[in-house]
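Student: I am new to this structure and would like a close look at one part of it. Please take me through that part slowly, then show me how the rest is laid out.

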Amino acid sequence: MDNVILDYYSKITNLNVSRETCNELESLISMILEKNKQINIISKKTCEKDAVRERHIIDSAQIVDFVDLNSDTTTDLGTGGGMPGLIVAIIMKKLKKSMKINLYEKSYHKCVFLKEVSKKLKLNTEVIQKDIFKLNNIETGTVMSRAFKPMPIILNLVCQNFKKYKNVILFMGDKGRKIFNDALQEWELDYEEKKSLTNNDSFILNIKNIKKKKLMKIISIINQKGGVGKTTTVINLASALSQQGKKILVIDLDPQGNATTGLGLSNTEQSDQTIYGILNGTMSISNVIKKTKFENLDLITSNVDLSGLEVETAGDNDRAFILKAKLTAYLNDSRGIYDYILIDCPPSLSLLTVMALVSSNSLLVPLQTEFFALEGLTQLMKTIERIKVNLNPQLEIQGILLTMYDRRNKLSSQVEQEARDYFKDKVYQTVIPRNVRLSEAPSHGVPVLIYDKNCPGSKSYYSFTDEFISQENKIGSAA
Ligand code: ATP
Ligand code: MG
């Protein structure tokens with residue numbers, strides 16, 4: 001090999017890459033350039049020999065000190081034309097002969113090429129022509145990925161589809177810093193990084209112990225019509241989710257304080273340790289959270305003081321954002337103590353409801369199956385749309401839950417039909433029947449699921465919760 005070429009490789013020879021290996025890397029370049037005449041392996045813009053060496057070969061080879069040599073398998077996600085999988089496989093011939101490199105690639109033609117090169121250079125690779133997103137329980141040492149998918153998708157893939165892995169090596173380009181900082185909002189991980197040897201704006205990440213941070217989802221249970229089952233739904237969804245180990249915070253945002261008493265706490269206590277204390281600026285959220293007697297279920301109580309808030313804050317132009325600001329501060333400090341925050345809204349489209357709409361990720365609308373039910377809903381949908389456009393673009397409708405359903409009453413099935421025709425799959429399959437046990441439970445300060453777990457009302461709230469969770473899992477896996 002001539003000295004000019006050797007000079008190129010000087011960047012990686014201190015990573016234990018031998019001269020013989022560099023020769024093989026040169027053979028790989030020739031094979032890539034030859035194949036590139038038939039199929040698109042690398043961009044035509046960079047297919048000069050020197051450019052390929054610098055941009056692809058050395059760029060790929062520089063990660064070799066991050067490969068876990070205590071393992072016997074290394075996995076390359078979306079190998080494409082061989083970067084970095086083939087390069088690492090070539091280097092491993094000298095560094096660790098028993099290291100097998102699994103090359104995942106969906107394209108048939110690229111797989112043919114990967115196999116040709118592997119055979120010619122006697123590489124310890126396995127070319128796997130499968131969609132890695134459809135595989136589960138994968139085991140490997142190092143995972144590496146270059147120009148394959150965005151970082152959050154790779155992190156999700158590693159967490160969900162891999163049973164075992166040691167570390168993940170990622171190539172980060174010129175926007176990499178922002179992408180990485182955004183990822184750190186969502187993920188907990190250990191990492192080391194090094195500057196790219198081939199590009200001043202790029203860096204390489206070696207990531208371990210990846211865990212998704214809990215994202216507390218804020219859901220408001222809302223309908224400006226009174227007595228439709230909002231509070232009953234909050235209490236029982238909260239209860240069923242907490243029984244499944246989810247951590248729940250209920251915020252009672254209604255001066256009536258029904259969620260407060262329904263969960264066994266007092267709504268007559270005179271104190272600022274309530275949602276009113278938070279919204280009048282005296283308290284922060286973490287100061288007023290109270291434990292209920294139910295595991296995993298905490299509460300911010302309410303009392304009648306809250307009814308004065310609208311008048312008291314009349315001079316404050318930003319008052320619609322008070323709750324959101326408090327919640328954001330809390331979410332930033334608490335690093336995901338809760339899985340869900342459920343807000344019980346009052347029966348109006350007042351300031352309190354607007355605060356809930358501005359603060360929430362999504363909305364759950366209980367709809368009583370009675371005559372005027374849908375009329376009220378049109379007005380609610382208009383309000384939601386207005387808030388979405390002006391104040392909270394990410395707001396979504398989680399779903400519509402039909403409540404107080406009476407099978408003997410034709411009207412119930414008519415309202416159901418109309419709701420399903422109009423709102424389609426936004427309407428949950430589960431329907432909550434009219435059941436006297438549901439109305440008895442609050443006076444005992446317990447969810448009906450505790451009061452009488454076998455009554456039809458309890459069964460319906462359990463099956464609604466199952467439907468809710470499977471909806472959440474779908475949303476989670478599509479993200
Ligand atoms: P508000 O608008 O006043 O806050 P809400 O929408 O929160 O009311 P709930 O308090 O949940 O409605 O329910 C109103 C009344 O109906 C309560 O007494 C409750 O116990 C009862 N109730 C709720 N759901 C059912 C049901 N499926 N079957 C029988 N009674 C029910
Ligand atoms: Mg209520």
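Which residue in strand 7 is the bridge partner of V143?

Tutor: The partner is V168. Keep in mind that this is a predicted model.

Start with strand 7 itself. Strand 7 covers residues 167-172. Of its 6 residues, 5 are buried, so the strand is mostly covered. Strand 7 pairs with strand 5, residues 142-145, through 4 bridges. Those two strands run parallel. The pair you asked about, V143 and V168, belongs here. Strand 7 also pairs with strand 9, residues 203-212. That pairing is antiparallel and has 5 bridges. Within it, L170 stands opposite L205 of strand 9.

Now follow the chain out of strand 5. The loop between strand 5 and helix 6 (151-161) holds A147. A147 is not a glycine, yet its phi is positive, about 50 degrees. Most residues other than glycine have a negative phi. A147 has 11, so A147 is exposed.

N296 sits in the loop between strand 12 and strand 13 (297-300). There are 18 other C-beta atoms within 10 Å of N296, so this residue counts as partly exposed.

One more backbone feature lies in a loop. The peptide bond from M83 to P84 is cis, with omega near 0 degrees. Most peptide bonds are trans. P84 is found between strand 1 (73-77) and helix 4 (85-95).

Among the buried ones are L352, V354, M355 and L357. The buried residues of helix 14 pack against strand 10 and strand 14 (340-344). They also pack against helix 13 (322-334) and helix 15 (373-390).

Helix 8 is the next element to find. It runs over residues 230-243, 14 residues in all. From first C-alpha to last it reaches 20 Å, close to the 20 Å expected. Of its 14 residues, 13 are buried, so helix 8 is largely enclosed by the rest of the structure. After helix 8 comes G245, with a positive phi near 90 degrees. For orientation on any helix, another general point is handy. An α-helix has 3.6 residues a turn, so residues three or four places apart point the same way.

Helix 8 also leads you to ligand 1. Around this ligand are 20 residues, and the closest are K230, T231, T232, P347 and S439. Two or more residues of the shell come from each of helix 8, strand 16 (396-405) and helix 17 (436-440). Helix 8 gives the most, with 3 residues. By type, the shell has 6 nonpolar, 11 polar and 3 charged residues.

The chain has 19 helices and 17 strands. Its radius of gyration is 29 Å, well over the 23 Å that the globule rule gives for 479 residues, so the chain is more spread out than a compact globule. Its C-alpha atoms fill a box of roughly 85 × 50 × 40 Å along the principal axes. Of the 479 residues, 41% count as buried. Look also at contacts between residues at least 6 apart in sequence. Of these, 76% join residues at least 24 apart.

Note on methods. Residues numbered from 1 in each chain as written. Chains lettered and ligands numbered in written order. Predicted model: local features only at pLDDT ≥ 70, side-chain atom pairs only at ≥ 80, totals over all residues. Expected span 1.5 Å × (residues − 1). Buried ≥ 20, exposed ≤ 12 C-beta atoms within 10 Å, placed from the backbone. Near = placed C-beta within 6 Å. Nonpolar A, V, L, I, M, F, W, Y, C, P; charged D, E, K, R; others polar. Pairing = 2+ DSSP bridges. Rg over C-alpha atoms; globule rule 2.2 N^0.38 Å. Contact = placed C-beta atoms within 7 Å.
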